[in-house]
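Trainee: Could you walk me through some features of a protein model, one at a time? I am new to this.

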Amino acid sequence: MRYRLAVLAPSVVDVVRHAGGWMFDQVMAGWDVTVIVEKHENTRPLQILGATTLDLESVMAAPNGPRPQAIALAGDLFESNAMVREGLLDTLDRGIIDVTLWGDTVPSDLAHHFGPSSHQLSRAAMVFKSHALAAASSSPDPVGATEMFRGVSLFGKCPADGVNLVSVG
């Protein structure tokens with residue numbers, strides 16, 4: 001059985017820009033990565049990274065699908081979408097999953113749970129992320145070697161070692 005990573009984002013561009021290299025490295029490590037986006041749009045950038053794409057509305061309408069071992073999401077999506085917020089808080093209450101946030105928004109009621117972490121991208125991840133960014137927008141950002149997150153591991157030490165994020169500070 002493969003580990004599952006569910007990634008929730010407001011848009012394809014947002015997830016590729018902030019977590020594209022990390023997702024690619026997770027796919028290469030054998031994880032099944034599914035990106036759930038609020039806006040239905042061009043999913044080619046996520047295909048380049050090896051992720052499956054679903055839309056948020058259909059996922060929320062059928063919540064009894066397979067449970068992921070880890071969740072990643074944009075902090076501002078937590079703040080702006082009541083269904084996402086409620087689902088994540090419920091997941092955290094059960095305490096059985098790794099949760100990773102990206103972006104400048106850290107929910108104030110969760111800030112004390114989330115410490116800074118980072119992921120060093122593989123060379124392949126940097127190349128695939130740059131291609132995904134090019135497919136996502138006409139003016140892609142330069143791809144750095146590290147992606148920054150805030151995370152909480154409720155597994156302690158899971159076989160996948162916290163989905164390969166390194167604590168910062």
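Mentor: Happy to! Helices (H or I, at least four residues) and strands (E, at least two) are DSSP runs, numbered from the N terminus. Ser11 lies in the loop between strand E1 (4-9) and H1. This is a predicted model, where local features need pLDDT of at least 70, side-chain atom pairs count only at pLDDT 80 or more, and totals for chains, interfaces and linings use all residues. Residues are numbered from 1 along each chain as its sequence is written, and side-chain values use heavy atoms, leaving out hydrogens and water.

Trainee: Is Ser11 buried or exposed?

Mentor: Buried means under 20% relative accessible area, exposed over 50%, and partly exposed in between (1.4 Å probe, protein chains only). Ser11 has a relative accessible area of 12%, so Ser11 is buried. Contact means heavy atoms within 4.5 Å. Not counting residues up to four places away in sequence, Ser11 touches Val37, Lys39 and Glu41.

Trainee: At which residue does H1 bend?

Mentor: A bend is the angle between axes fitted to the seven residues ending at a residue and the seven starting there. H1 bends by about 75° at Ala19. In H1, 14 of its 17 residues are buried.

Trainee: What can I say about strand E5?

Mentor: Five of the five residues of E5 (residues 98-102) are buried, so this strand is largely enclosed by the rest of the structure. On one side sit Asp98, Thr100 and Trp102, and on the other Val99 and Leu101. Two strands pair if DSSP finds at least two bridges between them. Strand E4 (residues 70-74) pairs with E5 in the parallel sense over five bridges, and Leu73 has Leu101 as its bridge partner in E5.

Trainee: Which side chains meet in a salt bridge?

Mentor: A salt bridge is a side-chain nitrogen of Lys or Arg within 4 Å of a carboxyl oxygen of Asp or Glu. Here Lys129 and Glu147 form one, at 2.6 Å from N to O. Lys129 is in helix H6 (residues 123-136) and Glu147 in strand E7 (residues 146-153), 18 residues apart. Both Lys129 and Glu147 are buried.

Trainee: How many aromatic pairs are there?

Mentor: Rings of Phe, Tyr and Trp (its six-membered ring) pair if their centres lie within 6.5 Å; planes under 30 degrees apart count as stacked, over 60 as edge-to-face and the rest as tilted. The whole structure has three aromatic pairs. One of them is stacked: Tyr3 and Trp31, 5.0 Å centre to centre with 25° between the planes.
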